[in-house]
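Subject: Structure for you to look at

Dear colleague,

Please read them with the coordinates open beside you.

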Amino acid sequence: MQKPHSGHLERENQVPDPTAVPPLRKSTCLTWSEGAAWPCPAQDRLASMLLQAARLVGLQLSLSLSCCWAFSCHSTESSPDFSLPGDYLLAGLFPIHSDYLEVRSRPMVTLCDRSNSFNSHGYHLFQAMRFSIEEINNSTALLPNVTLGYELYDVCSESASVYAMLRILSVPGTHHIEIQGDTSRYSPTAVAVIGPSSTNHATAAASMLSPFLVPLLLEQIHKVNFLLHEDVVTFNDNGDPLSSYDIIAWDWSGPKWTFQVIGSSRWSPVRLDINKTKIQWHGKDNQVPTSVCSSNCLEGHAQVIVGVHHCCFECVPCEAGTFLNKSDPHRCQPCGKEEWAPKRSQTCFPRTVVFLAWHEPVSWVLLAANTLLLLVVVGTAGLFAWHLETPVVRSAGGKLCFLMLGSLAVGSCGLYGFLGKPTLIMCLLRQTLFALGLAIFLSCLTIRSFQLVFIFKFSAKLPIFYRAWVQHHGAGLFVVISSTAQLLICLTWLAVWTPLPTREYQRFPQLVMLDCTEAKSLGFVLAFIYNSLLSVSTFACSYLGKDLPENYNEAKCVTFSLLLNFVSWIAFFTTASVYQGKYLPAVTMLAALSCLSGGFSGYFLPKCYVILCRPDLNSTAYFQASIQEYTRRCSST
């Protein structure tokens, strides 16, 4: 027997110079000293490893643990037999001593043979492997003409495991490790490794052994069939044993270990039997512990897996618009386009379709106000037709007043399109009719104010221009050109940026807003800007006539109507910037209705008042007196 290995490597006399390391070739070998690896000459390879022996030892290990007590394995005396020569060597990694648990200020190698650090459990595993190999070698049926050897290492720490791995991977008889391109042809000292028993040490060992393919599956292992302690041992095509097993529960509560059979596993037919009453749980009142990495998530929380184990996850709440399907607890799924869901939801709900319906109270109020305006406009047209030859109607523009009243009526009819479920016809006409009607009205109002100022202030100074203006019907020509320009803008709007009914999903998560797309198009912006320019020109012309005769002075009334127009649209855009609900069409209709009402009341209501309530002011003599008074005032200045 050889001297036991303590898990530490032999110390060389000198440390090689790292700068003298030659480049690695396809076949290169390394040696280690004080944990460092250095290049060295190549060594011969041995025969391929024997995995069948490793499987037999693993099986014997599980079977012989129970027999270990009969051979006094629980003895705390150390055995000198830590290695055994043989045709094939198996390595065993067992924690015969416990790890060093104190805090360290710097990394250092743990010495395993410390006082008061003996680990009886690792020692039992160590003796069980020795017993298993001896049983195999003593048998004439298991591995005839083959002698198994072993090298057993005390791996009390991760550093001891690393040293043991380097020794196992070395070329037999040396401290060298060859680095080759094809690791499947490499033959280390040991053909297979049993252990370590802890997860941390096993992870470190696997990372070093895996590149050297320690251990590889044997192609003939599924042909093995032998009798071991009256049990038949066979393997399937994958190399897995098909034997039956007893399930043993170990009791470590007393001064000595005891165990009892609590179940069994059979493979033909496949059957698993467990007597739960014999299981002694560690918890209070023998309560079964909960063996989960993470607790169950609350409703509406997805199980986002952390790491590689499905039982370890974080609970992440599903966001609004998503839900957690019970068939897939790991991912929140989005709701359909017509559905919505609150946060932490397990299902989606149908969205509510909303629009400004006819039967709502707001709709009734707007409908009544718009209808009243339309009726007043029609009534005013009849009143002006009845008094067409009176000075008030003639000073207001005569037949031009009917065009102005008609444009207000057209704009008012377009406002009905803001009520009810949006349709293609409603979307095409409601904004364009209003924009065109308002443009015609403002064009007429602008040219009427300009004409009064020109007659009273510039006709005598520019007689030629005045005669040409009258002969070529300048007022009518301006109205036609100005209205045609707005008509072209509206037609381009309808052709290029066609207003269409749309279902809006972004404003509110639980609602589907039915609306038209005209407010978001460039055509709407162009039409609005054009009417704004006409409003400014109307205000400018009316302001120039602020000192005209009282019967012709419309500056105050026009200023009032235009001021109401500006305030209405400023209020609309302010509201639209902060509110996008279903009553937004009502806000738009209210702004347009205020604009039309302001224009009508500022220009036509004073004249209707004179016709109906002050007939004495609707006479030729009164108008001539006002003109003469204006002439005397101008002459005196």
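A residue is called buried when its relative accessible area is under 20%, exposed when that area is over 50%, and partly exposed in between. By that rule Arg503, at 37% relative accessibility, counts as partly exposed, and so does Glu338, at 34%. Please keep in mind throughout that this is a predicted model.

Salt bridges

The structure holds 10 salt bridges, and one of them is formed by the side chains of Arg266 and Asp246, at 4.0 Å from N to O. Arg266 belongs to strand β11 (residues 258-267) and Asp246 to strand β10 (residues 245-251), so this pair ties together parts that are 20 residues apart in sequence. Arg266 is partly exposed at 34% relative accessibility, and Asp246 is partly exposed at 48%.

Arg614 and Asp616 also form a salt bridge, in which the closest N and O atoms are 3.2 Å apart; Arg614 is partly exposed at 31% relative accessibility, as is Asp616 at 45%. Elsewhere, salt bridges with shared partners join Arg430, Glu504, Arg507 and Asp515 into one network.

Overall composition and cores

The chain has 15 helices and 21 strands, and 42% of its 637 residues count as buried. Among contacts with a separation of 6 or more, 65% are made by residues 24 or more positions apart. The chain exposes about 35,400 Å², of which carbon and sulfur atoms supply 61%.

The largest nonpolar core has 55 residues, and those with the most contacts inside it are Phe384, Leu415, Phe434 and Phe604. If residues up to four places away in sequence are not counted, Phe434 touches Gly411, Leu415, Trp569, Ala592, Cys595 and Leu596. A second, separate core of 22 residues includes Tyr123, Leu143, Tyr150 and Ala192.

Annotated transmembrane regions

The unreviewed UniProt entry lists residues 364-388, 400-419, 431-456, 477-500, 520-545, 557-577 and 583-605 under "transmembrane region". In the model, residues 557-577 are 100% helix and 0% strand, with end C-alpha atoms 31 Å apart, while residues 583-605 are 91% helix and 0% strand, with end C-alpha atoms 31 Å apart.

A nonpolar surface patch

Trp250 is placed in strand β10 and is partly exposed, with a relative accessible area of 35%.

Loops and backbone geometry

Pro329 lies in the loop between β15 (322-324) and β16 and is partly exposed, with a relative accessible area of 28%. Leaving aside neighbours within four places in sequence, Pro329 is in contact with His301, Ala302, Gln303 and Leu324, and the C-alpha atoms of Pro329 and Val304, 25 residues apart along the chain, are separated by 8.6 Å.

Three further places deserve a look, because most residues other than glycine have a negative phi and most peptide bonds are trans. The peptide bond from Gly195 to Pro196 is cis, with omega near -10°, and Pro196 is found in the loop between β7 (192-194) and α4 (199-209). Asn145 has a positive phi, near 65°; this residue sits in the loop between α2 (120-138) and β5 (148-154) and counts as exposed, at 80% relative accessibility. Asn286 also has a positive phi, of about 55°, and is found in the loop between β12 (270-274) and β13 (301-305), where Asn286 is partly exposed at 33% relative accessibility.

With best wishes

Notes:
Residues numbered from 1 in each chain as written. Predicted model: local features only at pLDDT ≥ 70, side-chain atom pairs only at ≥ 80, totals over all residues. Heavy atoms only, no water. Helix = DSSP H or I, 4+ residues; strand = E, 2+ residues; numbered from the N terminus. Buried < 20%, exposed > 50% of the residue type's maximum accessible area, 1.4 Å probe, protein only. Core = buried A, V, L, I, M, F, W, Y, C linked by side-chain atoms within 4.5 Å. Contact = heavy atoms within 4.5 Å. UniProt positions renumbered as here; feature names shortened; annotations may be inferred. Areas by Shrake-Rupley, 256 points an atom, 1.4 Å probe, with all protein chains shown as cover.
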